[in-house]
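Okay, thanks everyone, I'll keep this short. Let me put the structure up and we'll walk through it.

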Amino acid sequence: MASGVIKCRAAVAWEAGKPLSLEEVEVAPPKAHEVRIKIVATAVCHTDAYTLSGADPEGCFPVILGHEGAGVVESVGEGVTKVKPGDTVIPLYIPQCGECKFCKNPKTNLCQKIRVTQGKGVMPDGTSRFTCKGKQIYHFMGTSTFSEYTVVADISVAKIDAAAPLDKVCLLGCGISTGYGAVVNTAKVEPGSTCAVFGLGGVGLAVIMGCKVAGASRIIGIDINKDKYAKAKEFGATECINPQDFKKPIQEVLVEMTDGGVDYSFECIGNVGVMRAALEACHKGWGVSVIVGVAAAGQEISTRPFQLVTGRTWKGTAFGAFEQSSSFRDKRGPSCQPATW
C-alpha cells in the first residue's frame, strides 16, 4: 500500500513560454484507485513543447509536463488490483476504464472516464499530488513523466514485461504507438500498397515502420529536412522527397509519381496546409489519409468537397487507436521484448 510523501526532482513549467526549471517537489501518496510510479525513463514529445508554448487551450501552469515514460510501481492506493509495487509499467494519457460507452464500443479507444479532470490538470478527485515551494503543481495529460515520481489513475497504466529496456519502450507511451497504430489500426494498410508519410520525425518514422510491416511496396517520405532521409530509409522508406525541390504543390508531384495518387497518406506534423496536401495526394476512389499530427488551437482544415465525393477518406487517430489492454501485446503492434527493441 501507499507510503508517505516522497521528495524528488522534477522539471517544472512555472509559466507558459519560459524554460523548465529543475526543482525539488513533493509527491503525495496515491489515493484510492491511484498508482505512484518511479519514472526510470522519459522522452520528449512535440505536444510537451506545444503546451509549454502557451498555445494549448488546456494548458495549466505551474505544471509538470511529460507523457512518454516508463518506470516501476512504487506504491498503490486502496482498491488497485491490476498492478502492484515492483511491476514495470508505462503510464498512458488515454486510459481504459472498461465501463464507459467509449470503452464498450470497439470502434474507439477514447475512454472518457477521467477526461474532464485530466484536462484540468488534476487527479479524478479534483486535486493534485504535486507541490513545490508551497504551491500546487498541476498534472499533465494524466501522466507528468518529467518527474522522478508521479501519480496516475490506475486505469491509466499498462503493465509490461519486466525485461523491457525502459529507455526505449518509454516511446510506446505516445510516439511509437501513435505512428505505428495509425497504420495497422486506423488506416489498416494492405500488402502492396503505396504510402506517403509527411514529416519524418519520431512519429513519422513509426509510421514508416508500420507501413513496412504491413507490406507496403512503396513508402515515400516527405520532409523539408534532407538530413532525415537516411534514417527514414533505415526504417523502410523506399524514397524521400523535399517539397521545396518542386515548383508544383507536393500533392500534384505525388499524384504524378504514383499514377494517380497514393493508397494511404499520413500527416505527422500538425500543419493544416500539409493535412490538405496529404489528402489530395491520395488516389481517387479509394485513397485514405490519416491525420496524426496535432494542429495549433483554433486552426481548421479545408479541401474541396469533390475530393471526398470522388472517394477519398479523411481520418484521424489518437494514440494509434490502441487500447490499453492491447497496446503492448497486440500481435501486429510493437513488442516489448528486448530482442525487438
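So, let's start with the open sheet: six strands, running in the order β13-β12-β11-β14-β15-β16, with parallel pairing. Bear in mind this is a predicted model. Now, β13 (239-241) and β16 (313-316) are the edge strands, and each has a single partner, so one side of each has no neighbour in the sheet. From one strand to the next, the twist averages 20°.

Let's zoom in on one pair. β11, residues 194-198, and β12, residues 218-222, are joined in the parallel sense by five bridges. Within that pairing, V197 sits opposite G221 of β12.

What packs on this sheet? Helix α5, residues 202-214, does, with contacts to β11, β12 and β14 (264-267). The direction of α5 is at about 170° to that of β11. Helix α7, residues 250-257, packs on the sheet too, touching β11, β12 and β13, and its direction makes about 160° with that of β12.

Okay, on to the nonpolar side. The largest nonpolar core has 67 residues, and V189 and F266 touch the most other members. Leaving out residues up to four places away in sequence, F266 has contacts that include V189, V197, F198, V207 and V290. Apart from that core there's another, of 14 residues, with I220 and V262 among them.

Last stop, strand β5, residues 68-76. How much of it is buried? Seven of its nine residues. β5 pairs antiparallel with β3 (residues 34-43) over eight bridges, and with β6 (residues 88-91), also antiparallel, over two. Look at G71: its bridge partner is I39 on one hand, and V89 in β6 on the other.

Technical notes:
Residues are numbered from 1 along each chain as its sequence is written. This is a predicted model: local features need pLDDT of at least 70, side-chain atom pairs count only at pLDDT 80 or more; totals for chains, interfaces and linings use all residues. Side-chain values use heavy atoms; hydrogens and water are left out. A nonpolar core is a set of buried Ala, Val, Leu, Ile, Met, Phe, Trp, Tyr and Cys residues joined through side-chain atoms within 4.5 Å. Buried means under 20% relative accessible area, exposed over 50%, partly exposed in between (1.4 Å probe, protein chains only). Contact means heavy atoms within 4.5 Å. Helices (H or I, at least four residues) and strands (E, at least two) are DSSP runs, numbered from the N terminus. Two strands pair if DSSP finds at least two bridges between them. Axes are lines fitted to C-alpha atoms, for helices over the stretch in contact, and angles run from 0 to 180 degrees between N-to-C directions.
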